Every structure is written in structure tokens, then in C-alpha cells.
Amino acid sequence: MHPYNTAITVERSLVMIVITGATGQLGRLVVAALLKRVPATDIVAAVRNVDKAKDLAALGVQVRHGDYSQPATWDAALKGADKLLLISSSEIGQRAAQHKTVIDAAKRAGVKFLAYTSVLHADTSVLGLAGEHRETEALLRASGIPFALLRNGWYTENYTAGVPAALKLGAVYGCAGDGLISSAARVDYAEAAAAVLTADNQAGRVYELAGDTAYTLTEFAAEVSRRSGTAIGYVNLPEADYKNALLKAGLPEVVAELLANSDSGVAQGALFDDGRQLSRLIGRATTPLAASVAAAL
């Protein structure tokens with residue numbers, strides 16, 4: 001494996017590109033980014049619920065049934081596929097097994113290249129969620145399929161989604177301390193995936209993808225204050241207390257555990273990266289925090 005170090009050359013020949021989880025938040029943006037680069041007929045949206053992909057079908061995208069929890073769906077979903085974007089499952093605790101199902105089917109289908117959305121610095125990350133990504137990366141290495149790793153940092157939307165609650169409560173709560181977060185907008189990561197899927201010589205690459213600039217949650221709260229006109233601050237809690245607060249707010253145990261653990265990881269530098277591989281890959285600066293906060297408001 002080697003890091004990103006050369007310019008991407010756009011591929012000339014047409015190929016069939018399959019996107020898993022194509023009706024998800026990231027998947028839809030990847031399809032939109034691909035539609036700017038290749039004909040719709042060369043894109044396959046593999047989805048759990050075909051009815052939710054009618055808008056994609058109307059654009060000329062092929063829609064196929066591919067459900068992470070239904071192994072029998074994947075041979076048909078990947079038939080004829082040249083390239084595959086495996087967007088990581090959202091079902092924590094089941095992801096490695098679900099990803100194995102898709103990887104095994106990709107091998108049977110003769111997929112020539114697979115890109116996987118892992119997590120930033122997965123090999124060394126202290127984040128609890130990194131474990132299943134490491135397992136998946138190991139499965140890819142053992143598969144024999146040429147692959148690239150898109151180690152995505154945090155989506156800025158992970159924090160901006162909480163802006164309404166922060167304004168209601170008068171504060172941003174967390175357990176990240178003064179840790180720096182190099183997040184980028186979801187669309188930035190989607191464009192990066194589309195760039196890799198439509199380029200030559202991507203097998204073996206490991207992309208550590210993160211935003212151009214980093215911020216603390218104190219700075220995030222200050223930006224929300226500026227944009228909203230409502231003064232709010234950041235309240236740092238012990239990890240256990242933050243998790244309990246999330247549980248009291250009605251979040252499921254697994255989600256509360258994930259968010260609290262991730263914030264704790266921020267304090268240890270798990271979501272900081274200043275390599276700027278993402279902006280080089282997409283050919284522009286990543287979406288600024290201010291723009292994402294403004295969009296959320």
C-alpha cells in the first residue's frame with residue numbers, strides 16, 4: 001500500500017460501476033457526482049429498497065436489489081460489475097460480516113476494482129468504530145481483489161445535525177475537550193469517491209481523507225453563535241456523563257456509545273489530519289465549517 005502521491009488520470013473507457021447503499025446519504029451524493037463523469041447507464045445503484053430508488057432509475061441509473069443483510073441478493077446485484085464502491089454499512093456490530101458478504105460476491109463476480117469507505121487512520125485509530133473497518137480492510141487484503149481505501153474523516157453534518165438541539169439547550173455538549181476535528185462535508189467525500197472510481201491506477205492506494213482546516217467544539221459552538229445570532233457555548237463532560245445525557249435524550253444505546261466514544265477519540269487526536277489529500281483529490285478546497293453551519297441553519 002502507498003499513500004496518495006500522484007495526480008489522477010481520468011479513465012477513457014466505459015465501465016460498469018456499482019454503488020452499494022446508493023439511496024443512503026453518502027450513496028446518493030456519490031451517484032450524483034458520478035453522473036457528472038460517466039453515462040447514467042454505466043452506474044448501478046445497489047439498494048435495500050428498490051422503491052426508494054425510483055428517482056435514480058428515472059435518471060437512467062440501473063437499480064438492483066442488494067441488501068447487506070441478505071447475502072443471496074449480491075450475486076445478481078454485482079453481475080457484470082467492473083468496479084464497486086462498498087459504502088460501509090450503518091449497522092454497528094454487524095458490519096464486518098455484512099461487508100464480507102459483498103466482498104465474497106464481488107470476487108465471484110470478477111470485480112476488477114473495489115473502493116471501500118473506511119475511517120480516518122483506521123489502522124491506528126483509537127475509535128471503537130475503527131475495529132470493524134480494520135476487519136474489513138483485512139478481508140479486502142485477503143480477497144485478491146484490487147482495491148483502494150477511502151479512509152473518510154468525520155462528516156461535518158455529524159455535528160451540524162445537532163445545531164437545532166444546541167440552540168434549544170443553549171449549548172453544544174460533548175466530551176471532546178480541545179481535540180481538533182478535520183471534518184469535511186459529505187459531498188466532499190462523495191466527489192472523492194467518484195474521482196477514484198473513474199480514474200486509472202487506483203489499486204493499492206490508501207487515502208486519508210479529511211477537511212482542509214480543523215476546529216474544536218468550542219470553535220464549532222462559536223460559529224453556530226455567529227451564524228444564528230444566539231450565544232451558545234461548549235460544555236465538556238466526562239465521557240460517561242455525555243453518554244448518559246445522550247441516552248436521556250432518547251438515543252439508542254449503540255448510538256450513544258458511538259457518539260461518546262467518538263468524542264473521546266477526538267480528544268486523543270483521532271479525527272485530526274492535515275495532509276489535505278481530500279482537497280487534492282477533488283481539485284478544490286473542502287467545504288468550510290462556516291458554509292456547513294449556514295446550510296444547517
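**View 1. Helix H5 and its surroundings in the predicted model.** Helix H5 (residues 130-143) comprises 14 residues and reaches 20 Å from its first C-alpha to its last, close to the 20 Å expected at 1.5 Å a residue; the expected span is 1.5 Å times one less than the number of residues. Helices (H or I, at least four residues) and strands (E, at least two) are DSSP runs, numbered from the N terminus. This is a predicted model, in which local features need pLDDT of at least 70 and side-chain atom pairs count only at pLDDT 80 or more, while totals for chains, interfaces and linings use all residues. Residues are numbered from 1 along each chain as its sequence is written, and side-chain values use heavy atoms, with hydrogens and water left out.

**View 2. The buried face of H5.** Ala-130, Glu-132, His-133, Thr-136, Glu-137, Leu-140 and Ser-143 are the buried residues of H5, buried meaning under 20% relative accessible area (1.4 Å probe, protein chains only). Seen down the axis of H5, they fall within an arc of 160 degrees and so line one face of the helix; the arc is that of the directions from the helix axis to the C-beta atoms. These residues pack against helix H4 (95-109), strand E6 (113-119) and strand E7 (147-152), contact meaning heavy atoms within 4.5 Å. Just after H5, Gly-144 takes a positive phi of about 85 degrees.

**View 3. Surroundings of Leu-85.** Neighbours within four places in sequence aside, the contacts of Leu-85 include Val-18, Ile-19, Val-30, Ala-115, Leu-150 and Leu-197.

Note on methods:
Buried means under 20% relative accessible area, exposed over 50%, partly exposed in between (1.4 Å probe, protein chains only).
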